[in-house]
Structures are given as structure tokens and as C-alpha cells.
Amino acid sequence: MITDSGDIVHQKDIVRHKVLEARRLMSDEDKKQASSVIFNSLLKRAEVVRAQTICIYLSTNEEVDTKLIINELFRLNKTVVVPKVSGDRLTLHAISSFDD
């Protein structure tokens, strides 16, 4: 049983490590399939359909691919906002292409 905040932090670190390791071990085909499932389910959600602005991260090679989602959001004329980390500061930026 978790009894204090130190235990919670430790348990979160363990879970985070396990998730990152599982993601790192995913095959390219598994990532492609997961990307497709996420793409199809996300874009059908009423919240996404109604939203004018969507905040989404730019994926790395070890993550499921968000580029397909972002391209579709551009096609749907949604405002796409992505996080940017500089040092210890996180800011949000609207983009209209991957060149922004």
C-alpha cells in the first residue's frame, strides 16, 4: 500500500519506466498499427469534431506517429497547437505546417 508522497513518486517512476521500455520495444509494425487505431478513434470523437483548436505533441521515432493526425487536422482547418520545451519552460505554439 502506498502511504506517502515519496511512495507515490517512486511508484510513478516504476510505471513510467515500464511504459517507456514497452514503447521502446514495440516493432515498427506494432507502432504503425497503434497509430492507425489511434488516428481512427481520435478523429471520430465528438470533442475533436467540435473543437476548433487541438493541442497535440509531435511524435518521436519511438512513439506512435502523430503526423497522420496532425495532417488530417490541417486538412480539417483546425488550429493545431504543439508544446515546445526550452530548458525547464514549456510553451504552446500554433503551427500551420511541419515547417513552423
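Colleague: Hi! Is Asp13 buried, partly exposed or exposed?

Modeller: Asp13 counts as partly exposed, at 40% relative accessibility. Keep in mind that this is a predicted model.

Colleague: Which residue does Asp13 meet in a salt bridge?

Modeller: That would be Arg16, with 2.9 Å from N to O. Arg16 is partly exposed too, with a relative accessible area of 44%.

Colleague: How many salt bridges turn up in the whole structure?

Modeller: A search finds 6. One of them joins Arg24 and Glu21, whose closest N and O atoms are 2.6 Å apart. This pair is also 3 residues apart in helix H1, about one helical turn.

Colleague: And what does Arg23 pair with?

Modeller: Arg23 forms a salt bridge with Glu63, at 3.5 Å from N to O. Arg23 lies in helix H1 and Glu63 in the loop between strand E1 and H4, so the pair ties together parts that are 40 residues apart in sequence. Arg23 is partly exposed at 27%, while Glu63 counts as buried at 16%.

Colleague: New topic: how many residues are in the largest nonpolar core?

Modeller: There are 12, among them Leu43, Ile56, Phe74 and Val82. Helix H4 and strand E2 are the elements that each give two or more residues to this core, and H4 gives the most, with 4.

Colleague: What is Phe74 in contact with, leaving aside its neighbours within four places in sequence?

Modeller: Phe74 touches Val80, Ile95, Ser96, Ser97 and Phe98.

Conventions:
Residues are numbered from 1 along each chain as its sequence is written. This is a predicted model: local features need pLDDT of at least 70, side-chain atom pairs count only at pLDDT 80 or more; totals for chains, interfaces and linings use all residues. Side-chain values use heavy atoms; hydrogens and water are left out. A nonpolar core is a set of buried Ala, Val, Leu, Ile, Met, Phe, Trp, Tyr and Cys residues joined through side-chain atoms within 4.5 Å. Buried means under 20% relative accessible area, exposed over 50%, partly exposed in between (1.4 Å probe, protein chains only). Contact means heavy atoms within 4.5 Å. A salt bridge is a side-chain nitrogen of Lys or Arg within 4 Å of a carboxyl oxygen of Asp or Glu.
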